[in-house]
Amino acid sequence: MNKVSFEATGCGGCRTCEIACSYHHKKVFSPNLSSIEISDRTDKPGFSLTFHIGDVDGHLGCDRCEGEDEPLCLKYCNISMREKLKTILQSELPEKLAGEDKR
Amino acid sequence: MKNSNGMYGYAGKILRVDLSSSSISLEPTMKYAREWLGGGGIDQWILYNEVKPWITPYAPANLLTFGAGPLVGTMAPGASRVSAGSKNALTLGVGSANSDSRFGPELKFAGYDHIILQGKARKPVYLWIDDEHIEIRDATHLWGKTIGETVDAIRHELGDPEIHMVSIGPAGENIVRGACVIQNKGRAFGRCGFGGVMGSKNLKAIAVRGSGAIEVADGPRFMKAVDELRQKVNSMSNAEMVRKLGTPSALPRKQETCGIPYKNFQYLALPDEMLAKIDQESAHNKYKVGKISYMGCPIGCGGYYHIDNGHYAGLTTEGYQFEALANFAGKLAVDDPSFIIKINNYCDQLGLDIDNVAGAIGWAMECYQRGILTKEDADGLKLEWGDTGVILELTRKMAYREGFGNILGEGCAHAAELLGRESDYYAMHLKGQDLYEVIRNDVGWALGACVSTRGGGHTTGAPGVGIAEGEDLELTKKVYDGVTTVYDRTAYEGKAKLVGYFERLHRICNALGICHILTNSMSPTGLGFPEIVELYSAATGWETTESDFRRAATRMLNVEKAFNLLHTNFGRKDDYPPPRSMEEPIPTGSMKGWKLEKKDWDKMLDDYYEMNHWDKESSFPTRKCLEELDLKQIADDLEKVGKLGGM
């Protein structure tokens with residue numbers, strides 16, 4: 001599994017997390033080098049969030065922000081979405097990945 | 001790793017497209033960046049040099065520019081904004097507009113800081129920028145489509161739902177003077193009529209996708225500044241209200257301070273029962289279904305709205321700004337919150353600037369009220385205040401230049417000229433551009449709007465902070481260059497200096513790409529020069545001071561002023577508010593009975609010109625002023641046409 005997606009409830013799609021992530025990896029701002037990807041939903045207002053687990057299509061796999069005090073996506077997330085992202089990072093993402101490992 | 005042109009912060013390249021010859025060329029941003037900072041700064045210098053006074057807005061030789069400054073595409077708080085520039089279709093002088101965008105960061109990631117368009121394509125086209133791949137594509141099948149239809153069709157055609165773009169609607173295609181350019185589906189480069197300029201070039205859209213990166217010179221220093229400034233922004237006194245309701249959160253305070261242009265500026269406060277009907281907390285609870293925010297912004301003031309019943313049931317759209325309330329609840333007296341959502345969306349889809357739409361219709365409705373216009377003049381429509389059906393129909397007619405809409409589409413100033421019948425007194429405009437700002441309730445805000453080079457507007461010098469309340473007075477004085485009358489809205493003293501502060505701060509923001517809402521434009525607790533200087537120095541690696549910034553902004557102001565002097569007959573006489581503001585006392589509300597006085601305005605204008613080292617009588621810059629700013633070329637240009645200030 002190369003990527004895992006979630007409904008980004010409360011997200012306004014600012015994509016600051018994307019460039020914070022690329023800064024963590026490569027010290028540059030570039031959504032294409034990010035492990036996190038925000039996509040505009042086309043069926044209704046809102047956004048979805050995808051974590052890249054492995055290095056695919058130029059995106060770099062999430063390393064849980066190794067070496068940082070806290071995950072940078074969470075640090076720079078807008079207040080309206082921060083709790084949701086925290087839950088994704090702390091439980092939903094690990095659960096999905098664990099489920100995938102068992103298969 | 002600097003970019004290939006040896007710059008940090010910037011993408012490094014300026015893309016030039018000549019639509020007449022389909023030729024595409026590049027030049028290094030470095031050619032301009034040290035002197036003009038980026039965004040609106042670089043745009044305006046290019047326009048000054050390349051658009052000659054005899055060129056009309058819709059001539060192929062006019063340029064249309066888009067510029068994303070050096071902080072766009074970085075983590076700098078609120079740095080998503082893009083400037084646009086061209087000869088102003090309404091004033092025929094200098095033109096600028098600025099919008100939040102996903103387009104701006106994407107343009108930078110594709111490798112470009114600016115796009116400079118000239119010429120006219122032989123048939124409708126759109127520009128597709130995919131990193132280094134630049135293509136002028138056929139847009140014949142898109143001509144006639146609304147903004148939303150255009151965005152969907154281009155994304156479908158290019159096979160990527162995340163492509164960002166700017167485009168025009170039917171109003172721009174029909175070269176309506178008040179047509180605007182829209183970013184994606186609902187953010188406008190509103191003022192100055194750039195939609196018609198784009199339409200005159202047969203250019204339907206510019207779509208961009210970028211896969212590159214922006215690097216700053218000193219990462220740790222830059223990120224330290226970002227962290228500090230995000231914290232500062234989050235603790236701004238107005239942060240919570242703006243985060244929740246966006247700019248419409250200003251409504252109650254605007255009402256208290258007589259800041260609403262009710263019935264075409266006749267009154268400056270809404271009737272109480274109407275205020276209750278359009279309460280923004282209730283509208284927010286009833287209609288808001290999602291958020292929208294832009295890169296780097298810790299606030300996120302935008303919203304998605306959905307209407308599930310009534311006339312406009314089924315509409316889902318990006319929300320509106322306070323301007324929409326001022327224009328449609330205010331100028332046109334509509335008391336239905338769902339209509340505000342509808343008309344804002346309708347104008348966006350047709351590609352019309354809401355300030356121009358409500359400016360022209362407001363003028364027409366007041367003329368109708370006074371018997372100057374009849375329904376026979378208006379294609380059989382009764383122009384009654386608050387009639388939503390009539391407003392929608394007139395808006396449609398403006399976009400398609402049909403019947404009476406053909407006159408309204410020219411903007412209220414030109415429409416009044418066409419109609420005659422002494423209707424010009426009711427045309428509320430500055431330098432020919434429809435006015436949105438109420439300028440009878442706050443002397444500083446009024447001065448900023450009236451001297452604005454582009455003709456009105458509050459984003460090139462008008463101090464919005466005048467209506468703030470409960471702010472720390474010591475901090476206020478310290479932030480705003482020692483001015484002690486910031487909240488004394490009827491005081492003239494100190495207001496020239498206050499406008500001078502904001503003329504510079506706003507220009508720096510417009511050049512670098514920072515949203516004014518995060519700055520001290522609305523509250524002294526917001527970001528100011530020192531914070532923005534630190535971001536810029538860390539990003540570009542060019543150590544800069546606050547005084548460097550002020551000088552750079554003063555140069556920009558003088559370039560714009562000179563453009564106006566070379567292209568128009570503007571002078572001191574055009575820096576006065578519309579006559580109504582000095583003749584009619586405010587009829588209702590907290591400032592009932594007050595009005596602007598000409599002799600006080602005269603004195604304040606003297607102070608303003610003196611501060612800028614401009615000639616008091618003519619308003620023209622002096623040679624000394626220009627040469628001290630290293631703008632000798634401009635002094636020579638103005639001297640040739642006899643418009644150099646004496647002093």
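How many Å separate the centres of domain 1 of chain B and domain 2 of chain B, taken over C-alpha atoms? The notes below start from that point, and they concern a predicted model.

1. Domain spacing. The centres of domain 1 and domain 2 of chain B lie 26 Å apart, taken over C-alpha atoms.

2. Domain layout. Chain B is split into three parts: domain 1 (13-209), domain 2 (246-434) and domain 3 (443-525 + 545-640).

3. Contact between domain 1 and domain 2 of chain B. Domain 1 of chain B brings 36 residues to this contact, and domain 2 of chain B brings 29. On the domain 1 side, helix 4 (147-158) and helix 5 (170-173) of chain B are the elements giving two or more residues. Helix 5 of chain B gives the most to that side, with 3 residues. By class, the domain 1 side holds 16 nonpolar, 15 polar and 5 charged residues.

4. Contact between the chains. Here 24 residues come from chain A and 26 residues from chain B. On the chain A side, helix 1 (16-26) and strand 2 (36-40) of chain A each supply at least two residues. Which of the elements of chain A gives the most to this side? Helix 1 of chain A does, with 5 residues. The chain A side divides into 9 nonpolar, 12 polar and 3 charged residues.

5. A sheet in chain B. Six strands of chain B form an open sheet, and their order is 8-7-12-9-10-11. The pairing is mixed. Strand 8 (133-138) and strand 11 (187-189) of chain B are the edge strands, each pairing on one side only. From one strand to the next, the twist averages 20 degrees.

6. One strand pair in detail. In what sense do strand 7 and strand 12 of chain B pair? Strand 7 (residues 125-130) and strand 12 (residues 203-209) of chain B pair in the parallel sense, over 6 bridges. As for a bridge partner, Asp130(B) has Arg209(B), in strand 12 of chain B.

7. Helix across the sheet. Helix 3 (residues 103-110) of chain B lies across strand 7, strand 9 (164-167), strand 10 (181-183) and strand 12 of chain B. Relative to strand 12 of chain B, helix 3 of chain B runs at about 65 degrees. Strand 7 and strand 12 of chain B, both crossed by this helix, are also the parallel pair with 6 bridges.

Conventions
Residues numbered from 1 in each chain as written. Chains lettered and ligands numbered in written order. Predicted model: local features only at pLDDT ≥ 70, side-chain atom pairs only at ≥ 80, totals over all residues. Contact = placed C-beta atoms within 7 Å. Helix = DSSP H or I, 4+ residues; strand = E, 2+ residues; numbered from the N terminus. Nonpolar A, V, L, I, M, F, W, Y, C, P; charged D, E, K, R; others polar. Domains from an automatic or database assignment. Pairing = 2+ DSSP bridges. Axes fitted to C-alpha atoms, helices over the stretch in contact; angles between N-to-C directions.
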